[in-house]
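This report concerns the architecture of one protein chain. Please consult the sequence and the structure shown here while reading.

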Amino acid sequence: MKKYKVLMLLSTYGVASGVNTFAMNYLRGFNHEDVEVDFAVYFERESPYIAEIKSYGGKTYLLPPVKNIFSHVSECRRILHDGKYDVIHDNSLVLTIPIMIAAKLEKVPVRILHSHATELGETRGKKIRNKSLLPFLKMSATDYLACSNVAGKAMFGTMPFTIVPNVVQANSLVFNRFKRDEKRNIMDVSCKKVIATVGRAAMQKNPFFALDVIKKLSEIEDNIVFWWIGNGPLEKEIKEYANRIGVGEHFVFLGKRSDVVELYQAMDVFFLPSLFEGLPLTGVEAQAMGLPIVLSDTVTDEMVYTDLVDYVGLNASTEVWAKHLKKALARKVNRGSYSDKLKQSIFSDVGCGERLMNLYAEMIHKNGGK
């Protein structure tokens, strides 16, 4: 049997991106004797993902800038023509319009548009732009996927879509008391209560409000430290704001890290006051590590599979948020018992590759491919 060929579209190979984590976790789950997965991105970034993709037999492409539209389209057509793909799987917005239209012209049988968020952009301007251009993407796609029901409705409305849940590596997310103590010593927080956010330093994650909440919490809770794990466009502004409002002594911007699982071990509470999310993998991971979670009510409850999650309204005051964090810090949790709950949930990576491959096969058959 000839291998299925898939072209996965991402913005970058950045390891801090939940969308990229989704793609890589499913890639790891595939039987690579049955499928070859290549990747195309729009922005260069050094990443361990590149070597990993190649280790599975996949190719990686950096597309020319879209502003150079003729060279961009020419390269897209070349990649698609030479690759003879059965599936193109689009995990981005707007930038992918040329390659998705090219995929239709090249008669790629399955052209997937995948929704990973509940909003079409981080700012009003981007939302307006993306909403106006979205019909071109929809017209070029044959099938719609979403990470959650709310993410699907946000992009596709009443049009039919299939939910493909974000998954995480279940066997790596196991709480260990020794590793916790070791990491807390290394991070010099042995006597601290650690609250942390894992995510891009971007407006979607609501970083300035998060710092306002931490400032309020510092007035009612001793020995706290707040970690921000993940880089992004607002890194400089976030650091400056922390110092300006007087929480610099409680705040550490850790940026891009390769040891996030070990950092989960060292945390006491996971904090996610996002303006919007699709279905945050970080929330799934934090539950597996037995962390009490305080997050905004804009995040779908489809991510909940434990008793650890506490929702707070985005319109609530910083004082209310601080009280919820204080309550979370006081919880007595048997953290080691939660990894099994992940393995029993739909978010476990066990069997995920086979499930997605079967879905690809159904779509290929439906759309007249081999």
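The sections below treat the basis of the model, the sheet with its helices, and the nonpolar cores.

**Basis**

The model is predicted: local features need pLDDT of at least 70, side-chain atom pairs count only at pLDDT 80 or more, and totals for chains, interfaces and linings use all residues. Residues are numbered from 1 along each chain as its sequence is written, and side-chain values use heavy atoms, with hydrogens and water left out.

**Sheet and helices**

An open sheet is formed by six strands with parallel pairing, in the order β10-β9-β8-β11-β12-β13. Its edge strands, β10 (251-255) and β13 (309-312), each pair on one side only. Helices (H or I, at least four residues) and strands (E, at least two) are DSSP runs numbered from the N terminus, and two strands pair if DSSP finds at least two bridges between them. β8 and β11 pair in the parallel sense over two bridges.

Helix α8 (residues 207-218) packs on the sheet and touches β8, β9, β10 and β11 (contact: heavy atoms within 4.5 Å). Its direction makes about 170° with that of β9; axes are lines fitted to C-alpha atoms, for helices over the stretch in contact, and angles run from 0 to 180 degrees between N-to-C directions. Helix α11 lies across β8, β11, β12 and β13, at about 165° to β11.

**Nonpolar cores**

A nonpolar core is a set of buried Ala, Val, Leu, Ile, Met, Phe, Trp, Tyr and Cys residues joined through side-chain atoms within 4.5 Å; buried means under 20% relative accessible area, exposed over 50%, partly exposed in between (1.4 Å probe, protein chains only). The largest has 36 residues, and W227 and M267 are among those with the most contacts inside it. Elements giving two or more residues to this core include β8 (193-198), β9 (224-229) and α11 (281-288). Apart from it lies another core of 31 residues, among them V6 and Y360.
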